[in-house]
Structures are given as structure tokens and as C-alpha cells.
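Here is a short tour of a structure, for reading alongside the model itself. Have the sequence and the coordinates open as you go.

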Amino acid sequence: MAKILIVEDDPLMQRMYQKAFTLAGYEVEVAGDGREGLEKATRGGPALILLDIMMPKMNGMEVLKELRANAETQSIPVVMLTNITSGSLEAAKHALTKGALEYIVKSDYEPQEVVQMVRKILESGPRDKAPHVDKE
Amino acid sequence: MKLSVKVTLLILVTAAITSLVAGILVFNSTRVALQQSIGDQQRELARQTMDKIDRLLYERYLDILEIAEEEDLIRFLSLDGTDLASVKQKMDKLRIVSGPWDVLSLVDEDGIAMATTYDEGVGKPIEEKPQDRIAYKSALETNVYFSDLVVSEETGKPTIIFSASMRNKFDVDRPVVGVIIGHYSWPVVLEILEDVSAHAVLLNSKGVVIGHNTSYSDADLFFKNFSGEDFVQEVLIGEFGSEILSPGQSFIEEEVLASYTSQLGHLDYAGSGWGLVLEVPTSIAFAPATQTGVNLVLLLIPIIVLASFTALVLITRVVIRPIDSLTRTSQAIAAGDLNRRVQVTSKDEIGQLAMAFNEMTTQLQQSYESLEEKVKELQAEHARLKASIDNLPLGYFIIEASHNIVVLNPAMREILGSREKKWTFQALQKRFQPSGIDLRQLCAHCRGEKKPFIVKEVAFDDKFLRIFSVPILMDQDHEEIIGTAILAEDITEAKLLERLKEEFFAVASHELRTPLTAIRGNASLLQYHYAEKLEDEDMREMISDIHDASIRLIEIVNDFLDVSRLEQGRITFKKELVDLKTLIRDTIQEVKGTAADKSLYLKLEEPEGKMPKALADKDRTKQVLINLIGNAVKFTEKGGVRIEIRSHDKILRVWVHDTGIGMSKKNQKLLFRKFQHAGEKILTRDVTRGTGMGLYICKLLVEGMGGKIYLERSAMNKGSSFVFSLPVAPTVGAGQTSMPDESTRRKANQEKEISSTG
């Protein structure tokens with residue numbers, strides 16, 4: 001199964017998404033900050049990256065920039081995660097112009113919905129139009 | 001000087017002058033009249049007197065001719081018997097009876113005096129007496145002769161010598177036999193002059209006085225030569241007149257009225273070119289005039305005095321007393337007694353003045369009273385304002401146009417910090433300078449713009465202030481700015497609060513949401529992946545409740561965040577082309593499950609015609625739709641929800657009709673309020689109905705996008721109809737792309753990516 005890289009600083013969120021994807025059968029790698037995320041993205045070769053925006057030291061936008069700049073990582077689809085903390089929603093929307101495929105407001109979605117979305121992205125192949133996840 | 005005195009003096013002076021002038025005029029005119037009449041009379045008298053003299057001398061002329069006819073004398077001269085003694089006797093008689101003659105002489109043709117009235121002359125030849133000789137020769141030539149006045153050599157007396165030739169009338173030839181010579185006695189003529197009341201002077205043709213009387217003068221003028229005098233010349237050249245002569249000119253050495261005439265002769269007596277001057281001293285002649293003048297003046301004096309006195313009294317009563325009264329009343333009024341009035345005692349100008357004055361005073365009184373009222377009002381106003389200003393929680397001070405600080409309230413002092421008693425403009429200017437506020441510029445700007453000017457935020461010491469500067473305009477003409485009012489609001493706390501809020505929301509979003517998401521997510525995972533482990537119904541229910549609770553909490557957090565951001569205006573609405581139909585359909589999709597669970601219909605009525613796109617924020621519009629449609633489904637138990645779209649006049653409207661429980665009029669009033677349930681009792685609140693901020697958020701959103709939202713109708717158990725409107729997107733020209741929305745942008749991105757890798 002494909003490998004998903006989750007870049008998220010909050011352990012609660014980390015564990016939640018990790019479980020969601022693991023239980024769905026994916027291989028999951030976790031990074032607690034931007035640096036680690038970039039490393040693991042380069043090294044690990046994930047099929048998709050879930051990227052939290054609000055992170056200390058290096059935030060999601062910066063990571064995204066790096067990912068897109070790096071030849072090894074620029075083709076990996078990226079989904080931004082946000083909690084609508086001031087500015088992060090705008091950043092998330094802006095990220096779509098910077099190469100991110102989607103953004104998700106964490107609190108609005110059940111974890112399995114996120115998994116569903118990821119599955120659809122991976123199934124529809126790279127660089128395809130991101131399917132909009134239906135809200136329940 | 002008092003008015004009465006002035007007036008009296010004026011009257012006296014005028015009267016005095018008038019009477020003097022009158023006196024003089026009267027005197028003059030009388031004098032002139034007198035001169036005229038007396039002159040006339042005098043001239044007449046002169047003429048008459050001269051005439052008398054002429055007649056007298058004419059008679060002598062005749063006399064001598066008569067004597068020349070005396071028979072006795074002729075016979076004597078013809079040597080015809082008559083003896084000398086009887087001739088002498090005759091001649092003596094004739095001398096008295098005729099003439100009178102001083103001397104009569106009978107001279108024969110040989111020039112020998114044959115008989116005379118004085119013995120010594122007999123027998124003497126005529127050559128011995130030159131005067132008589134001229135008379136003798138002239139008589140022989142012209143038959144009769146008279147001389148000018150001469151002094152007789154024989155007698156030494158002034159006389160006029162008459163002579164006439166004597167002819168023998170008895171002889172046929174009437175030969176000349178001799179001449180009769182008579183010396184006329186001059187005093188007779190002088191007597192005529194004596195009869196004249198004026199001073200008379202008889203002048204001969206050479207201007208020598210030949211006679212005068214003694215009226216007015218005893219001076220002996222006889223034989224004095226006055227030919228040098230001008231007027232004498234006039235007399236002698238035949239003028240007839242009268243004039244005033246100065247003392248130097250007149251004969252009596254006084255000023256005189258003189259009349260003069262020249263000798264005109266009488267019949268055959270041609271006269272000797274004499275002149276007669278009559279003089280009367282003017283002092284006597286014009287005495288009546290002077291008298292009249294003086295009498296007039298004397299008569300006028302008492303009249304004047306009486307008139308002045310009367311005038312004085314009159315003026316005092318009619319003018320001065322009223323003026324005085326007016327003055328005193330004015331003074332009383334000026335001193336403060338506005339009730340005083342002047343007595344009006346007449347209808348004339350003074351009376352009018354009094355009435356006008358009273359009117360004026362009444363007006364003054366009224367004005368004063370109304371002013372007093374106004375002042376009281378102003379004082380009350382002032383007290384109110386002062387109380388208000390002093391107790392304002394805002395700092396307040398006023399700068400006058402002249403840069404005087406007129407008001408500075410306690411709150412301002414607090415802000416300024418120092419307890420200085422008197423803040424001057426310069427001090428304030430300096431105090432504000434570190435904060436970057438130029439007071440002078442602020443005032444100038446306000447004055448120039450005539451509008452308030454706000455400095456939103458300025459750091460002042462350890463505080464933050466918001467400064468309002470307002471120009472103070474006089475009401476009447478909005479041109480005059482009398483000063484600038486400055487309000488300083490200490491917004492430090494507010495700013496802190498704002499910061500705290502920002503921080504709070506920053507924190508809250510993240511800090512609340514993360515655990516909530518974790519709760520929701522994990523509960524959801526349990527339900528999804530460990531369903532078989534949750535065989536126990538209670539356990540399943542518990543997990544479900546945990547899950548639902550977390551969602552509710554998340555929604556609450558979302559609502560609060562939305563509201564605060566909307567209220568703070570920190571949400572920007574995108575302007576996108578929104579296809580409402582599509583959006584509504586999407587929403588229906590999301591909500592239809594819940595509707596189906598309750599067996600409700602949920603449909604969109606197909607709109608008539610083509611619906612234009614709205615100009616709005618797509619996500620936010622979706623949010624509104626979700627809220628309204630969600631609410632509609634939530635509050636309906638049977639029936640369903642129907643949605644309509646209509647377009648009219650560049651406005652798109654969406655109706656959400658439900659057949660639900662509706663709401664009472666009371667609750668309708670609370671709609672769209674921040675905390676809708678606020679009106680209900682705290683314990684009976686239906687908390688399942690969410691935070692109560694849903695509609696409030698919708699209102700903020702819709703209005704933020706330029707639309708309106710309201711409840712069209714609702715009735716208990718009959719359902720409700722909500723409607724919101726959005727502006728129609730302005731039609732752009734064909735071919736032009738309008739502002740890209742989210743999806744088109746994503747599409748564009750993806751297309752770009754496809755082509756680059758493709």
C-alpha cells in the first residue's frame with residue numbers, strides 16, 4: 001500500500017490521522033515538524049503528503065515551497081491541513097496556487113473522510129483534478 | 001452755560017442788535033425824508049428869496065427909469081427954469097419915496113452933476129467918480145444901467161448903482177439931456193436875507209460874499225472870497241440844488257443842509273450872476289430824525305426786556321423743563337431703574353420726543369428682560385455643559401482661535417498625568433509632541449476642513465489614545481470657527497482587550513479545535529474501524545454521543561469565531577460569480593440525508609427563465625444556505641422545505657419556505673439577534689437548537705456581501721419563510737473574463753500542471 005507522510009506537530013492529530021490511515025491499510029510516516037517532514041519526504045518517497053500549516057520553526061507554507069522546489073519531491077501530491085487559526089485558512093487557500101492539491105479544515109472532517117479523499121487522489125493518478133470530498 | 005441763559009443772551013443780543021439796526025434805519029430814513037423835504041423847502045425858500053431880491057432890484061430898475069421921467073428934473077437939466085433948490089427938494093423926496101436911495105445924482109449931458117442929494121457933489125464932474133462915470137456912460141449907451149454890488153466911494157456903503165438916461169420928452173427929438181444915477185441902499189436887500197430863517201449868503205459872480213444874515217452865525221463874511229469852494233462854483237454856474245455840506249465846506253463851519261440857487265433876474269432886471277446859499281445845520285434840520293430814532297430805541301428796550309423775559313419763561317417751561325425731566329429720567333434708567341418713564345405733557349415735538357423715549361425705554365426693558373432670561377438659560381446651559389464635560393470619561397479640552405486653552409476637564413488632566421494647574425497651548429503642544437501629534441497642525445487642519453478629524457490610535461506615554469478634533473462653529477454662519485475641541489479617549493484598555501481577543505481567538509481556534517478534532521476524529525474512528533468491538537448498544541451510544549458532542553462543540557467554536565471576526569470586520573468577502581442554483585443544489589445534497597430521515601421533502605423550484613449570477617462570496621453564500629436550509633429542516637416535522645430563486649431589478653432573492661413549527665410574534669422580534677434565545681428563561685432554553693448565533697451570522701454575512709436577510713412570514717405551526725438577497729453580478733462585455741473564482745483557479749492550476757508534465 002502506498003505510503004502517506006503526515007507532517008503535523010500536534011501529537012493528538014498525529015496519532016488520529018496515523019490511526020485513520022493505518023486502519024485503512026496505508027503505510028504511514030509521521031513528522032513532527034517541517035524539517036523532519038522535508039527529510040522524510042525526500043528520503044521516504046511518500047505517495048502523498050498531508051501537511052499541517054501551523055507548525056513551529058517552519059510552517060506548512062515554507063515546507064510546501066521547499067517541496068515544490070526540490071525535484072525529488074515536487075511531484076508528490078500535497079494536501080494542506082488547517083485549523084482556521086487566524087491566517088491559516090487564507091494560507092491554505094493560497095497554498096492551492098502554490099502547488100497544493102487540496103486543503104482540509106481538520107475540525108470539519110471525520111478522519112475517514114480524509115482517507116477517502118486521499119484514496120481518490122491516489123486512484124485518480126497524479127496531477128488530476130482533486131476530487132471534492134462530499135460532506136456527510 | 002445753562003440753556004436758559006444762552007437763550008436769554010441770544011434773545012437780548014438779537015433784540016439789541018435788531019433795535020439798534022431798526023433805530024438806525026428809522027433814523028436814516030427819517031433823515032433822508034427830512035433832507036428831502038427840508039431840502040425841498042429850503043431850495044424853494046432860496047428861490048423865493050433870490051426872486052424877492054431880484055424883484056426888489058427890478059423895482060429899483062423901474063424906479064430909476066421913473067425918476068428919469070421926472071418932469072422937474074428934465075426941465076432942470078434942459079435949463080428950463082426949475083431951480084436947484086426945488087430940484088434938490090424933489091430929489092430928496094424921491095430919494096426916500098423911491099429906492100430908498102442912498103444917493104441920487106442928476107448929471108447933465110456934459111457929465112457935470114447938476115443936482116445931488118448930498119451937497120458936496122454938486123458941480124463936480126463925473127470923472128471924479130469912476131463908479132458913477134461907468135453908470136453915466138452906460139446909461140447914455142443903453143438907456144438904463146445897473147451895477148454889481150460895489151462899495152460906494154462917496155458913501156462908503158455897499159450899494160448897487162442904477163442909472164438911466166433922461167430925455168427931454170417935451171422936445172420932438174427927445175434929446176438926451178442927462179442921466180440920473182442912484183445908489184441903492186444895500187441894507188434893504190440885506191433885510192430880505194434877515195427874514196430868512198436859515199443862514200443866507202449872497203455871493204456875487206466872483207464868489208465873493210456880498211451879503212449874509214446872522215442866523216446861526218455871527219461871523220462877518222462880507223467880501224470874503226469863496227470862489228475856491230466847489231459847491232460855490234456850482235452855485236455860480238447856475239446849479240439849483242441842495243446838499244449836505246461838511247463843516248469845512250459850509251459858511252457857518254458846521255455840517256449843514258445847504259440849498260443854493262443862482263440869480264435869475266426878473267424881467268428886464270437881468271441880475272449880476274449872483275448866487276444865494278441857504279444853510280441849516282443838520283443837527284437842527286435832522287433833530288426830529290434823531291429824536292425819532294432815540295424814541296424808537298427807548299420804546300423798544302422795555303419791549304425787548306419783556307420779550308426776553310417771556311421767552312425765557314416760555315423756553316424754560318416748554319423746552320428746558322421737559323429736557324431736564326428727560327435727562328433725569330435717562331439717568332435714573334441708566335442707573336438701573338428700567339421702570340421709569342417720562343411724563344408726556346403735550347403733543348408737540350417735545351411731547352413726541354417724550355413718547356418716543358418712553359417707547360424706547362419699554363423696548364429696552366423688554367430686551368433687557370429677555371436678555372436676562374437668555375443669560376439664565378446660557379448659565380444653565382453652561383452649568384450643564386460643565387457638569388457633563390467635567391464628568392466625561394474622555395479627556396476634553398478646547399483651544400480657542402487665539403490658542404487660549406479655555407476648558408480642560410479632569411479626565412484630560414488624568415491623561416496628561418502632571419497635576420499642573422494651568423495648561424497652556426505651548427505646554428500641551430510639547431506634551432503631545434513625543435506621540436507625533438502636532439496640535440497646531442491638528443487645529444489648522446480642523447479649521448481648514450471644517451470637519452472633525454480623528455487620529456485612530458496614538459501612543460502616549462504608556463497609554464494608547466484615540467484623538468478626536470472637532471471644529472467649533474458658530475451656529476448662525478457656518479463660516480466662523482471659534483476654536484477646536486479635542487477629545488482624547490484612553491483606548492489602552494480597549495486596545496489591550498483587542499489584543500487579548502486576537503490572541504484569544506488565535507489561541508482558541510487552535511487550542512480548542514485541536515482537542516475537539518481529536519475527540520471527534522477518534523470517536524469517529526472507533527465507530528468506523530471498531531464497530532464489531534462496540535457490540536454493546538450502550539457502548540455504541542456512548543461513542544456516538546461523544547462524537548456528536550464534539551461536533552456540537554466544534555460548531556460552537558466555529559460560530560463564535562465567525563461572529564467575532566465578522567463583527568471586527570476581519571472577514572473579507574470575495575467577489576465571485578456565484579450560480580445560486582448550483583449552490584442550492586449542492587446544499588440540498590448535503591442536507592437531504594437529514595431531511596430524508598424525517599421524511600421531509602427538500603426541493604428547489606425551478607426558476608423561470610435564466611437566472612443571472614450573483615456577485616458574492618461563494619463559500620459564505622453556501623454557509624448561509626446551509627444555515628437556512630438546515631434550520632428549515634431542523635424545525636420541520638412534517639411536510640418539507642421548498643426553495644425559490646427570483647431575480648428582479650439587479651437583485652437576486654432566495655426564499656426558503658418550510659412547513660415547520662413556525663414562531664410566535666415575540667420570537668420573531670428576536671430573530672437575527674446575536675443571542676436569539678436570550679429572551680427565554682435560562683432553564684427553559686432549548687439548548688439543542690445550537691448557539692443561537694446562526695441567523696445572526698447569516699445576517700452579518702449577507703449584509704457583508706451587500707444583501708439583506710429577513711423573515712418574510714411565519715405563523716405558529718404553519719411554517720416560516722426566510723428570504724435573503726444578493727446583488728446581481730454586473731454584466732461584463734462578451735468575451736471578457738470576470739474575476740476568477742476558486743474552482744476556475746484550481747482548474748487553471750491543474751491544467752497547467754497537466755500540460756507541463758503531460
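## A buried serine

Buried means under 20% relative accessible area, exposed over 50% and partly exposed in between, with a 1.4 Å probe and protein chains only. This is a predicted model, in which local features need pLDDT of at least 70, side-chain atom pairs count only at pLDDT 80 or more, and totals for chains, interfaces and linings use all residues. Residues are numbered from 1 along each chain as its sequence is written, chains are lettered from A and ligands numbered from 1 in the order in which they are written, and side-chain values use heavy atoms, leaving out hydrogens and water.

B:Ser721 is buried, at a relative accessible area of 1%. The side chain of B:Ser721 makes a polar contact of 2.6 Å with that of B:His657 and another of 2.8 Å with that of B:Arg713. Such a contact is a pair of N or O atoms within 3.5 Å; within protein, one must be able to donate a hydrogen and the other to accept it, and residues adjacent in sequence count only if both atoms are side-chain atoms. B:Leu711 is 10 residues from B:Ser721 in sequence and 6.1 Å away in space, C-alpha to C-alpha.

## Nonpolar cores

A nonpolar core is a set of buried Ala, Val, Leu, Ile, Met, Phe, Trp, Tyr and Cys residues joined through side-chain atoms within 4.5 Å. The largest has 52 residues, and B:Leu106, B:Leu202 and B:Trp274 have the most contacts inside it. A second, separate core has 46 residues, including B:Leu580 and B:Met705.
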